[in-house]
Amino acid sequence: MIKVFRRILLIVLVLGILVASSGCGENKPVLNVYNWGDYIDESVLNDFEEEYGIKVNYETYATNEDMYVKIKSGGNNYDVAFPSDYMIEKMIKEDMLMKIDMNNIPNYKYIDDKFKNLDFDPNNEYSVPYMWGTVGILYNKKVVDEKVDSWDILWNEKYKKQILMLDSQRDSIAVALKKLGYSLNTKNVEELEEAKQELIKQKPLVLAYVGDEVKDMMVGEEAALAVVWSGDAIAMMEENENLEYVVPKEGSNLWFDNMVIPKTCKHKKEAELFINFMTRPQIALRNTQYIGYSTTNEETWKMLDKQIRENLVAYPDEEDIEGCEVFLDPGEFIKEYDRVWTEVKVH
């Protein structure tokens, strides 16, 4: 009887160990992070996993619109995303974001005040700043021997099939709008139509509408001019000394990318832990050094080399961005932007 009891006890213990070990993997949270391509030092993800024992499932997107559609469809339970200003505004309006408990983001104190209380999140409830910058023209000085200070040069026949435009609705339409002297947030159908005609007129001159591939193409001198984000410009200029960047005199887009928690989130505690980790000055330093974009973290900025802090591409003077605008959510009028972009692409 004692032997039987011992056998039963042994079986129970073994089964208990097996159940416990099989449950470990299930209980370990997996954080689903959705970010722009080439927009993080991936060793940072490894360090987060090691420090907190949380597995990071990392995916990337090419445009704000791609990110929005994916999250809106509910296809994936993303815990953290990195949308831009106007898209954050849109997602807040559509109840797609959770409020962030700033008590769980103590490193928020390192964010420069000029990046807080902005129009898209006036009370700093839904987002934590990540990077910022401008949109401008990157050009090859070996090929372009004239002064580059206006969007007009992107319509110059001299550079036919040497021009790269962004494959991004708001950004490319914005270029045409600013060229015409209009706001990049216009809700005037006639102004949008004029912008459409400008882009259609320009289309035979365009080599390609591009995303991240613009980097290899400009560094490899496959094109003379490209519309790019300032952080990408810095990275490309480091690789090719013939490249130069300018924000045109007509003005451009001043943008801000922030970290948010979509309502698809299943691990809010871990998401806030990740956002706080990303806002740690040393971690923010590694990210800004790796991707070349401008940090919103005041302590991180102090850690940068003087040469970088004084780089006007990364950290422009007020006068350099005087004519720049931040994208706003056009609401229902986005259908007009969609229509215009579709008509440009299919023309």
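**Exercise 1. Find which strands S5 pairs with, and in what sense.**

Start with strand S7 (residues 225-229): S5 (residues 163-166) and S7 pair in the parallel sense over two bridges. Pairing here requires that DSSP finds at least two bridges between two strands. Strands are DSSP runs (E, at least two residues) and helices are runs of H or I, at least four residues, numbered from the N terminus. Ile-163 stands opposite Leu-225 in S7. Next, take strand S6 (residues 206-210). Four bridges join S6 to S5, and the two run parallel. Met-165 has Tyr-209 of S6 as its bridge partner.

This is a predicted model: local features need pLDDT of at least 70, side-chain atom pairs count only at pLDDT 80 or more, and totals for chains, interfaces and linings use all residues. Residues are numbered from 1 along each chain as its sequence is written, and side-chain values use heavy atoms, with hydrogens and water left out.

**Exercise 2. Work out how enclosed helix H9 (residues 268-278) is.**

Count first: eight of its eleven residues are buried, so H9 is largely enclosed by the rest of the structure. Among the buried ones are Phe-274, Ile-275 and Phe-277. Then look for the cover, which includes strand S1 (30-36), helix H2 (42-52) and helix H10 (281-291).

Conventions:
Buried < 20%, exposed > 50% of the residue type's maximum accessible area, 1.4 Å probe, protein only. Contact = heavy atoms within 4.5 Å.
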